[in-house]
Amino acid sequence: IGSVSVETDTPQVQNSIDLNEIFTHVDLQQAKVDNFQAKLQGDKMQVRFDLNNLVADSTLSGMVNLAIVTRNGQLVQLKTTAEDLNFSIQRFKRVRTVFSIPAGIKGNELFGIRLNIRRSDNGTMVFSETFPLSQVLS
């Protein structure tokens, strides 16, 4: 009786994707994002939302950071206008910014937008959320 060798295909693992980096929700009850909407216009995207200060009798100052989440799990930082995303608010601010989709990323490769809010006084992240475009694209 002869021997038979069996080759097994070893799955190729691509670059590992940290889903915690993409989907972890942070909410320290200091800021709230409402009415998040995105609009794709060619190679540009407009994002708008209401930013609310939840800390009574206190000014909240900080910076909003936006990133694109692609369908294959890449998190791509965006070049945005700082004046649009810096804030110092007593109650709320309507935020609106327009940015270019990074070169090499097509519209059908977009999954969502990752939003992070950090305080300017100590850098603490007070809010973080990923918004799937299927739910916010207008």
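Let's start with Asp121. Its relative accessibility is 54%, so Asp121 counts as exposed. The cut-offs: buried is under 20% relative accessible area, exposed is over 50%, and partly exposed lies in between, with a 1.4 Å probe and protein chains only.

A word on the source. This is a predicted model, where local features need pLDDT of at least 70, side-chain atom pairs count only at pLDDT 80 or more, and totals for chains, interfaces and linings use all residues. Residues are numbered from 1 along each chain as its sequence is written, and side-chain values use heavy atoms, leaving out hydrogens and water.

Which residue meets Asp121 in a salt bridge? Arg119 does, at 2.8 Å, N to O. A salt bridge here means a Lys or Arg side-chain nitrogen within 4 Å of a carboxyl oxygen of Asp or Glu. Arg119 is buried, because its relative accessible area is 19%.

How many salt bridges does a search of the whole structure find? Three.

Next, Asp50 and Arg94. Their closest N and O atoms are 3.4 Å apart. This pair links distant parts of the chain: Asp50 sits in strand E3 (residues 44-53), Arg94 in strand E7 (residues 92-100), 44 residues apart. Strands are DSSP runs of at least two residues (E), helices of at least four (H or I), numbered from the N terminus. Asp50 is buried at 14%. Arg94, at 64%, is exposed.

Then Lys32 and Asp34. Their closest N and O atoms are 3.8 Å apart. Lys32 is partly exposed at 39%, and Asp34 is partly exposed at 26%.

Last, Phe23. Phe23 lies in helix H1 (residues 19-23). At 43% relative accessibility, Phe23 is partly exposed.
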